[in-house]
Amino acid sequence: MTQDSGLKTEDLTIRCSWAGSDPLYIKYHDEEWGKPVYDDKILFEFLILEGAQAGLSWITILRRRENYRKAFADFDVNKVAAFTEKDVERLMNDEGIIRNRLKVNGAITNAKLFIEIQKEFGSFSKYMWGFVPDGKPIQNHIEKMGDVPPRTELSDQISKDMKKRGFKFFGTTICYAHMQATGMVNDHLLNCCAR
C-alpha cells in the first residue's frame, strides 16, 4: 500500500495518509474532519483557526486549539467582535497562539462580518451551506491523496463572495480547507475508516 492511497495503522485501520501517527491528528481526522457542521459557533471556531493557519501547517494550529479557545473567548463571536486594541495587545503577547497582528485583527474583523451574515441570512450556516448544491455535503471520489484539490470552483465562488464582504484570510485555498473541515465536502479516501 502506498502512502498516497492511505495509511494503514498497527490495528489495520486505513486512514487518509495526512493523519499520520500523531494522536491529536488521528482524533481530529476520525472525529471531525469531513463531518458536516451546521452549528454557527463551530463554524466560527473553524473560521478563526483556518485564518490563523494561513501559511502554516494545520497540526501547528490544532496543537494550539485550546489556547485559541481561551484567547478568543471560547469562540463567542459577539465577544470577539467587541475586542478592542487592548485585546489585540493581549493577543499579541499570548505565546499560546500565532502572534501575527494581521491575523489577530483579521479574526476580529471576521467576527464582525460573521455577525452581519447571521443577521442577513438567519445564520452563518445557512449562508455557507446555501452555496452547496441541495445543501448536502459533496461526496468526492478520492482514491489517493493526490486526487484532493487545493481549491475548486465552489471554493473560488465562496471566497470571492466573502472577500467582497470584507473577510480577511479567506482565500480560495483556506476556504476549501474550511469546507473540508466542516464537512461541506467529504475528501476522505474511499477506503478510509472515517468516510
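1. Ground rules. This is a predicted model, so to speak: local features need pLDDT of at least 70, side-chain atom pairs count only at pLDDT 80 or more, and totals for chains, interfaces and linings use all residues. Residues are numbered from 1 along each chain as its sequence is written, and side-chain values use heavy atoms, with hydrogens and water left out.

2. Overall make-up. The chain has ten helices and four strands (DSSP runs numbered from the N terminus: H or I of at least four residues for helices, E of at least two for strands). From the N terminus, the order is β-β-α-α-α-α-α-α-α-α-β-α-α-β.

3. Size. The C-alpha trace spans about 50 × 40 × 25 Å along its principal axes. For 195 residues, a compact globule would have a radius of gyration near 16 Å, and the chain's 17 Å agrees with that (taken over C-alpha atoms; the rule is 2.2 Å times the number of residues to the power 0.38). Buried residues make up 51% of the 195 (buried is under 20% relative accessible area, exposed over 50%, partly exposed in between, with a 1.4 Å probe and protein chains only).

4. Helix α2. Twelve of the 14 residues of α2 are buried, so the rest of the structure largely encloses this helix. Among them are L43, F44, F46, L47, I48 and L49, but also D40, E45 and E50. Just after α2, G55 has a positive phi of about 85°.

5. The largest pocket. Its volume is about 410 Å³ (the space filled by probe spheres set on grid points joined across faces, edges and corners). A pocket here is an open set of points on a 1 Å grid over the protein atoms alone, where a 1.4 Å probe fits, with protein on both sides within 12 Å along at least five of seven lines; lining residues have an atom within 4 Å of a point. There are 19 lining residues, with W33, W58, V148, A177 and Q180 nearest the centre. α10 gives the most to the lining, with six residues.

6. T182. This residue sits in the loop between α10 and β4 (185–186). T182 is buried, at a relative accessible area of 0%. T182 and P137 are 45 residues apart in sequence and 9.5 Å apart in space, C-alpha to C-alpha.
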